[in-house]
Amino acid sequence: MTPRHTADPSIGSRIQARRLLRGWSIRYAATRAGISHSTWSRIERGVQAADNRFILADLATALECSPAELAGTPIPASDRAAVAAHAAVHAVRQSLVDLDTPFGEAHTRAHGERSNPPGPALTRAHGERSNPPGPALTRAHGERSNPPGPALTRAHGEPSNPPDGPGRPVAELARDVALLDSLRQACDYAGAARMTARLLRDLHIATAGPSREPALRLLCDVTFMASSVLRNLGHPADAWLAAERCRDAARATEDPVLMAYASYARSCAATACGSFGSGLALAARALDDLEPHSSRAGVLEMRGSLQLQCAHASRGRKLLDDSRAWAVEAGDLARHTGETTTMGLYFGPTNVGIWRIGIEADGGDPGQATEIARATNPAIVPAGFRQVFYFADTARALARLRGRDREAIRLLLIAERVAPQHIHTSAMAQETTRALLERSRRAAGGPELRALAERLQLT
């Protein structure tokens with residue numbers, strides 16, 4: 001059903017409603033968040049855009065809720081593809097849950113096995129350090145790897161037994177996975193989400209067949225992609241569930257690169273939930289675990305991607321020096337690897353620049369973000385899901401600089417052309433547009449901005 005066209009409340013309105021529900025004054029709430037009461041007041045009133053991920057996480061922590069609850073999930077009724085993408089989320093979620101569903105007694109008796117007891121779908125990382133070290137992390141701590149979760153059977157660390165039924169050939173499934181990845185990279189979230197639920201079921205069946213190993217690797221890829229799509233659609237808890245399933249499949253392969261790949265997915269999902277400490281611990285530990293496997297294919301690209309995630313999570317923890325040190329390490333490694341497409345991560349100098357733009361835009365130095373953007377050519381990375389972050393994050397940075405609104409509007413419009421579904425469902429893009437629109441009432445913002453605001457249902 002097409003959602004009814006209603007005005008979506010701003011993030012500031014949600015923050016105010018949550019604060020009033022708790023019966024707190026602005027001064028008290030701001031003290032809990034570690035920001036000034038005047039900043040809190042400006043955000044509530046919509047005078048200051050709430051399009052900073054780190055500040056939004058601080059506000060959510062103060063209000064004892066998740067960042068997603070404050071950001072909301074904008075779904076413009078005029079964008080049928082975005083509506084379809086969100087409509088498919090439930091089916092993806094159900095398929096992810098079913099990967100961990102124990103089977104009935106008849107199935108258990110037929111196979112002579114005891115099914116695993118169900119457990120919580122979402123768990124905190126087992127035994128993580130609350131304060132992980134910075135880039136100088138040593139590899140000699142002898143840490144114990146995370147114990148298997150409920151999706152793992154007895155001694156082999158495999159996903160729970162797949163249901164009975166005829167399976168599709170793995171070669172056919174591999175073609176579908178390649179198509180799914182092309183849709184994800186183009187930010188066609190509707191197309192990707194529609195494919196994901198069935199692929200998860202079919203690959204689950206295939207893991208019990210003669211092509212178990214390639215099926216597990218494909219399952220690792222699909223759960224990783226599902227986590228990415230769900231996160232970008234504004235469903236971070238579901239993204240965490242998908243990343244957990246990615247971990248289960250990766251462990252079953254016993255491939256250290258895939259296990260690091262899954263840790264990267266879990267770290268990204270954790271930071272999207274506002275858990276920057278957990279995200280940092282997951283990425284740092286994965287770097288430790290990769291150390292003995294440095295000669296394997298894909299390790300350098302995986303290391304660089306994990307270093308970028310450590311830089312992002314460190315900034316969220318307000319560890320500025322650590323964040324910049326991680327980013328420098330990633331940049332040095334990128335100069336060694338050059339531009340790559342390994343595992344769809346696109347690690348290389350260009351993507352390092354795109355990550356740094358986002359980190360500086362959120363970390364409070366928009367001028368530095370725009371300088372990095374000036375030296376970065378997003379066209380080098382032939383993937384919309386990276387290019388859109390270049391344009392949207394640079395627009396956010398420009399919108400915070402005096403006299404740069406027209407440039408910000410131009411880049412937002414380019415971002416919308418590159419990945420309309422991403423922009424139309426992005427709370428950050430919505431907040432930036434809302435702030436620009438408010439300022440345009442005092443200084444001509446032009447018909448293009450008003451048209452964008454209408455597409456985002458801000459008017």
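# Working chat: an all-in-one look at a predicted chain

Tutor: Of the 459 residues of the protein chain, 56% count as buried, where buried means under 20% relative accessible area, exposed over 50% and partly exposed in between, with a 1.4 Å probe and protein chains only. This is a predicted model, in which local features need pLDDT of at least 70, side-chain atom pairs count only at pLDDT 80 or more, and totals for chains, interfaces and linings use all residues. Residues are numbered from 1 along each chain as its sequence is written, and side-chain values use heavy atoms, with hydrogens and water left out.

Student: What does the secondary structure come to?

Tutor: The chain has 23 helices and zero strands. Helices (H or I, at least four residues) and strands (E, at least two) are DSSP runs, numbered from the N terminus.

Student: What share of the contacts join residues at least 24 apart?

Tutor: Counting contacts between residues at least 6 apart in sequence, 70% join residues at least 24 apart. Contact means heavy atoms within 4.5 Å.

Student: Which residues touch the most other members in the largest nonpolar core?

Tutor: Tyr264, Met302 and Leu306 do, in a core of 105 residues. A nonpolar core is a set of buried Ala, Val, Leu, Ile, Met, Phe, Trp, Tyr and Cys residues joined through side-chain atoms within 4.5 Å.

Student: And Met302, what is it in contact with?

Tutor: Leaving aside neighbours within four places in sequence, Met302 is in contact with Val257, Ala260, Tyr261, Tyr264, Leu290, Met343 and Leu345. Apart from this core lies another, of 20 residues, with Ala30, Ala50, Leu70 and Met428 among them.

Student: Switching to helix H4. Why is it described as largely enclosed?

Tutor: Seven of the ten residues of H4 (residues 53–62) are buried, so the helix is largely enclosed by the rest of the structure. The buried ones are Phe54, Leu56, Ala57, Asp58, Leu59, Ala60 and Ala62.

Student: What follows H4?

Tutor: Glu64 does, with a positive phi near 60 degrees. Most residues other than glycine have a negative phi. Glu64 sits in the loop between H4 and helix H5 (67–71), and at 49% relative accessibility Glu64 counts as partly exposed.

Student: Where is Lys318, and what is its phi near?

Tutor: Lys318 lies in the loop between helix H15 (299–316) and helix H16 (320–337). Its phi is positive, near 65 degrees. Lys318 is exposed, at 57% relative accessibility.

Student: Pockets next. How much space lies in the largest one?

Tutor: About 660 Å³. On a 1 Å grid over the protein atoms alone, a pocket is an open set of points where a 1.4 Å probe fits, with protein on both sides within 12 Å along at least five of seven lines; lining residues have an atom within 4 Å of a point. Grid points are joined across faces, edges and corners, and the volume is the space filled by probe spheres set on the points.

Student: Which residues lie nearest its centre?

Tutor: Gln48, Asn52, Ile55, Gly364 and Arg400, out of 32 lining residues. The elements giving two or more residues to that lining are H4, helix H17 (349–363) and helix H22 (427–440). H4 gives the most, with five residues.

Student: How do the lining residues divide?

Tutor: Into 16 nonpolar, six polar and ten charged. Ala, Val, Leu, Ile, Met, Phe, Trp, Tyr, Cys and Pro count as nonpolar, Asp, Glu, Lys and Arg as charged, and the others, Gly among them, as polar.

Student: Arg80: buried or exposed?

Tutor: Exposed, with a relative accessible area of 64%. Arg80 lies in helix H6 (residues 80–87). Arg80 and Gln421 are 341 residues apart in sequence, and 9.3 Å apart from C-alpha to C-alpha.
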